[in-house]
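Biologist: I would like to learn how to read a protein model step by step, beginning with a helix. Could we look at one together?

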Amino acid sequence: MQKSKLVRLLALFLSIGVVATACSSDDSDDAPAAPATTAAATTAAPATTAEVEVVQGGSLLDAVKARGTLNCGVSGSAVAFSETQADGSVTGFDADYCRAVAAAVLGDANAVMFMALTAAERFTAVQTGDVDVLMRNSTWTQSRDTDVGMDFGPTTYYDGQQLMGRVSDGFSGTSGIADLEGAIVCTNAGTTTEKNIAEATELAGVNITLNSFETGDEVWQQFLDGACDISTTDGSALVGRKVKQQPDDEEWVIFPPTPISKEPLGPVYGQNDSTWADAVNWTVYATIILDEYGVNQANVDDWLAEPGEVGRLLGGDGELQTTMGLSADAFYNVIKQVGNYSDIYNSNLNPVGLYREGSANAHWKEGGLIYSPPAR
Ligand SMILES: N[C@@H](CCC(=O)N[C@@H](CS)C(=O)NCC(=O)O)C(=O)O
């Protein structure tokens, strides 16, 4: 066994020991905790089952390959990002990134077991190993990255928090925090958006009533019923919900023009498993790099003989993929079965009116932030 691997395994055994000790006072059960149902539980200590699975297999990458399916956490009700359909299938930008990882790791984009999670449940599901990866409009923050046993992958969607109000209440596209005095503001429990709005109004000396709900559907029902003056969350979710619930209505208005926060959304997985992290991260990077070259789902077969970076990523010279534990054609499978970044973005987000052009999600050569390290 390589020394580095041995050291890593020892570190994992030690971390399990620490976790077991930390849990012993209030949690004698060895089974993974059920997903949390309250916001407070998002900081629960990790259970050990997934980590044991990782130790035995060396990495979650081996465990997922042995299982043959990817367990992927999603929202299930985030319009255009992950929506559970009547037939049980899940569609959307985040759902497609679950499929992309399955295509890379398992050669089959359909080998995904989706798990719908509320905002408050999602991080416990990562910590316990209930999901291998979370693709659930989850914002990368310092506390989440450092406090609760998780690592974050590359940002797939640069978002920011905005608010939705009614024109008849006096709100317009240029309204701001200062206009919220006395408003009943609704959002989801266990989110950055809940914290951001509380902080922003407090700092501005504006008094609001903040009501937090477990699911997005509850928030929107409250807003529709008139029980909330304002609904606030990631701007993309406001746009999606407006299109879904009030497509032709000018009454709902989104503001302020510049979001009140940064919400970089992307994959989340258990910490300290860099082999697994590499598999997820380079899946995302491959969709970005191949997009730069114009290699997409429709034309990928025409590029197979291409030299250089495209050839390396598509498997002609696929040593980089095999070295990281994937098949040489792992990223060919991603593009062929799911698509490149633009394919995934445009097919899911254009229909609700979200476009890359002019946004932070544009290609870096077009003034955006979507950028990948080189494949070499
Ligand atoms: N990005 C924020 C918010 C994520 C979040 O859960 N947003 C809610 C409010 S839109 C959501 O996605 N709900 C699904 C829905 O809109 O139904 C975070 O990571 O805390």
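Biologist: Which residues of helix 7 are buried?

Modeller: A residue counts as buried if 20 or more other C-beta atoms lie within 10 Å of its own, as exposed if 12 or fewer do, and as partly exposed in between, with the C-beta atoms placed from the backbone. In helix 7, the buried residues are Thr-192, Thr-193, Glu-194, Asn-196, Ile-197 and Thr-201. Please keep in mind that this is a predicted model, in which local features need pLDDT of at least 70 and side-chain atom pairs count only at pLDDT 80 or more, while totals for chains, interfaces and linings use all residues. Residues are numbered from 1 along each chain as its sequence is written.

Biologist: Against which strands do the buried residues of helix 7 pack?

Modeller: Helices (H or I, at least four residues) and strands (E, at least two) are DSSP runs numbered from the N terminus, and two residues are in contact if their C-beta atoms, placed from the backbone, lie within 7 Å. The buried residues of helix 7 pack against strand 9 (161-166), strand 10, strand 11, strand 12 and strand 14.

Biologist: How do the 13 residues of helix 7 compare with the span they should have?

Modeller: The expected span of a helix is 1.5 Å times one less than its number of residues. For helix 7 that gives 18 Å, and because its end C-alpha atoms are 18 Å apart, the two values agree. Helix 7 is followed by Gly-205, whose phi is positive, near 70 degrees.

Biologist: What can be said of helix 10 in the same terms?

Modeller: Helix 10 (residues 274-293) has 20 residues and reaches 27 Å from its first C-alpha to its last, which is close to the 28 Å expected. Helix 10 is mostly covered, with 14 of its 20 residues buried, and just after it Gly-294 takes a positive phi of about 85 degrees.

Biologist: In which sense do strand 10 and strand 11 pair?

Modeller: Strands of a sheet pair through backbone hydrogen bonds, either parallel or antiparallel. Two strands are said to pair if DSSP finds at least two bridges between them. Strand 10 (residues 184-188) and strand 11 (residues 209-213) pair in the parallel sense over five bridges, and Val-185 has Leu-210 in strand 11 as its bridge partner. Four of the five residues of strand 10 are buried.

Biologist: Which residues come nearest to the ligand?

Modeller: A residue is near a molecule if its C-beta atom, placed from the backbone, lies within 6 Å of it. Of the 18 residues around the ligand, Ser-77, Ala-119, Thr-191, Gly-216 and Ala-237 come nearest. The elements giving two or more residues to this shell include helix 7 (192-204) and strand 2 (77-78).

Biologist: Why does the ligand lie between the domains?

Modeller: Domain bounds come from an automatic or database domain assignment. Domain 1 (3-158 + 265-366) and domain 2 (161-261) both give residues to the shell around the ligand, so the ligand lies between them.
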